[in-house]
Amino acid sequence: MHIIVRNAKCQGHARCWSQAPDIFKLDEDGYILPGNINVAERDEFLALRGARSCPERALEIDRSSDHITNDGVS
C-alpha cells in the first residue's frame, strides 16, 4: 500500500502526523513533505487512520500495487 500525497491540498492541520508520526513527515510549518509514501504492511493500520483523518483529503490511499510481485506480475 502507499499513500498519494496531494501537497497543494495540505493546510497544515497535522492530523495525519498525530495519528502516525513515524509515517507522515511534516516540514517546520506543519505541512506534509512532498512525495508519496510507501507503507509497510505492519504500518497499514496507522497509515489508514492518519490518511483518513485529513480534513482536506490531501492523502489518498492506493492499494493498487498490493498484489504485484517483485517481477511486476499480479
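The chain holds two helices and three strands, where helices (H or I, at least four residues) and strands (E, at least two) are DSSP runs numbered from the N terminus. This is a predicted model, in which local features need pLDDT of at least 70, side-chain atom pairs count only at pLDDT 80 or more, and totals for chains, interfaces and linings use all residues. Residues are numbered from 1 along each chain as its sequence is written, and side-chain values use heavy atoms, with hydrogens and water left out.

**Exercise 1.** Work out the order of the strands in the sheet.

*Solution.* 
- Begin with the sequence: the pattern is β-α-β-α-β.
- Next, look at pairing, which requires at least two DSSP bridges between two strands.
- Strand β1 (residues 2-5) runs antiparallel to β2, and two bridges join them; H2 has N38 of β2 as its bridge partner.

**Exercise 2.** Find how much of the chain is buried.

*Solution.* 
- Apply the cut-off: buried means under 20% relative accessible area (1.4 Å probe, protein chains only).
- Of the 74 residues, 32% pass as buried.

**Exercise 3.** Describe the contacts in the chain by separation.

*Solution.* 
- Count a contact when heavy atoms lie within 4.5 Å.
- Keep contacts with a separation of 6 or more; residues 24 or more positions apart make up 64% of these.

Methods:
Buried means under 20% relative accessible area, exposed over 50%, partly exposed in between (1.4 Å probe, protein chains only).
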